[in-house]
Amino acid sequence: MNQTPPPRIAFIGGGNMASAIIGGLIGSGLPASQITVVEPFEAARDALKAKFGIDALPTASAALAGHDLVVWATKPQTFKDASAAVAPHTTHALHLSVAAGITTDSIAQWLGTGRIVRAMPNTPALVGKGMTGLFARTEVDAAGQGLVERVIGTTGQLVWVDAEDKLDAVTALSGSGPAYVFLFLEAMTQAGVDMGLTADQSYQLAIATFQGASELAARSDEPAATLRERVTSKGGTTYAAITHMQQTELPQHFIAALRKAETRAKELAAEFGK
């Protein structure tokens, strides 16, 4: 990371998302000595130390004082309790939460500061292909947003939203989105097997098709509808498949499913933010 001196970053929780961000930070040049993790499980601490060479603590302590950024990678249901131990040592830090469903109002109340950015990442961050939605409270200045961008940018792409409730939509689209892709991969693989291909052949074809189509869309200035129409010749094989999907209202059902995810995101915020 091109910053002098490099930021000191503490992680509360050392699970998969924390590991993804830590790996991205170290890969971008941040010294491991600048990173501290609070992780209660000994096996997880040992794994983090062995993999990244960072300092891992069993509990929050005064060792957190002086850190520029605190990344909250805890489970939603443990956030409130964890904040009670962390807050006394991090009053001057910027806080970045990747915990699903916890609003910044709740976090501000628990930590005693409004310098909070809330993030909704997704699991492709584990391979540097993540997509993260971000919301910053008004107390976060441009420098703070820039620091968050440098941190999250090591795991993939990012987009800022101007209202916190829009993170529920981000959750429904990209946060939960990898599972939708995996579901379609499962279905395409099974269809291939049913039509006489091997499972390995079908899975390879399905994955490559998703990768290729996504890259084509990313490089094109045209909307997805136009790209779809280009490969849907009337009376052809693609037309037969797309027509069946439209007649069975698959797009509408898919949209309804995403709205269910959005609703659940709101429910989680109400449940865990008390």
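**Entry 1: helices α3 and α4**

I looked up where helix α3 touches helix α4, and I found that Phe79, Lys80 and Ser83 in α3 meet Ile107, Trp110 and Leu111 in α4. Contact here means heavy atoms within 4.5 Å. The residues of this contact divide into 4 nonpolar, 1 polar and 1 charged. In this scheme Ala, Val, Leu, Ile, Met, Phe, Trp, Tyr, Cys and Pro count as nonpolar, Asp, Glu, Lys and Arg as charged, and the others, Gly among them, as polar.

I note that the model is predicted: local features need pLDDT of at least 70, side-chain atom pairs count only at pLDDT 80 or more, and totals for chains, interfaces and linings use all residues. Residues are numbered from 1 along each chain as its sequence is written, and side-chain values use heavy atoms, with hydrogens and water left out.

I then looked up the geometry of the pair. Helix α3 covers residues 76-86, helix α4 covers residues 104-111, and they pack at an angle of about 30° with their axes 9 Å apart. That angle makes α3 roughly parallel to α4 (under 35 degrees is roughly parallel, over 145 roughly antiparallel, 65 to 115 roughly perpendicular, and the rest oblique). The axes are lines fitted to C-alpha atoms, for helices over the stretch in contact, and angles run from 0 to 180 degrees between N-to-C directions.

**Entry 2: the whole chain**

I recorded 11 helices and 8 strands in the chain. These are DSSP runs numbered from the N terminus, with helices (H or I) of at least four residues and strands (E) of at least two. The C-alpha atoms fill a box of roughly 70 × 35 × 35 Å along the principal axes. Of the 274 residues, 40% are buried (buried is under 20% relative accessible area, exposed over 50%, and partly exposed in between, with a 1.4 Å probe and protein chains only). Among contacts between residues at least 6 apart in sequence, 60% join residues at least 24 apart.

Which residues of helix α5 are buried? In this helix, residues 142-152, I listed Gly144, Gly146, Leu147, Val148, Val151 and Ile152. At the start of α5, a side-chain oxygen of Asp141 reaches to within 3.3 Å of the backbone nitrogen of Ala143.

Thr155 lies in the loop between α5 and β8 (156-160). Is Thr155 buried or exposed? Thr155 is buried, at a relative accessible area of 2%. Leaving aside residues up to four places away in sequence, I found that Thr155 touches Ala20, Ile21, Ala125, Gly128, Lys129, Gly130 and Thr132.

**Entry 3: salt bridges**

I noted 10 salt bridges in the structure. Each is a side-chain nitrogen of Lys or Arg within 4 Å of a carboxyl oxygen of Asp or Glu. Side chains of opposite charge can pair when their charged atoms come close.

Arg230 and Glu222 form one of them, at 2.5 Å from N to O. Arg230 is exposed, with a relative accessible area of 57%, while Glu222 is partly exposed at 30%.

Arg264 pairs with Glu267 at 3.1 Å, N to O. Arg264 and Glu267 are 3 residues apart in helix α11 (residues 250-272), so about one helical turn separates them. Arg264 is partly exposed at 40% relative accessibility, and Glu267 is partly exposed at 40%. Arg264 also meets Glu271 in a salt bridge of 3.8 Å, N to O. Glu271 is partly exposed at 43%. I close with Asp105, Arg137 and Glu139, which salt bridges with shared partners join into one network.

Technical notes: Polar contact = N/O pair within 3.5 Å; in protein donor to acceptor, adjacent residues only side chain to side chain.
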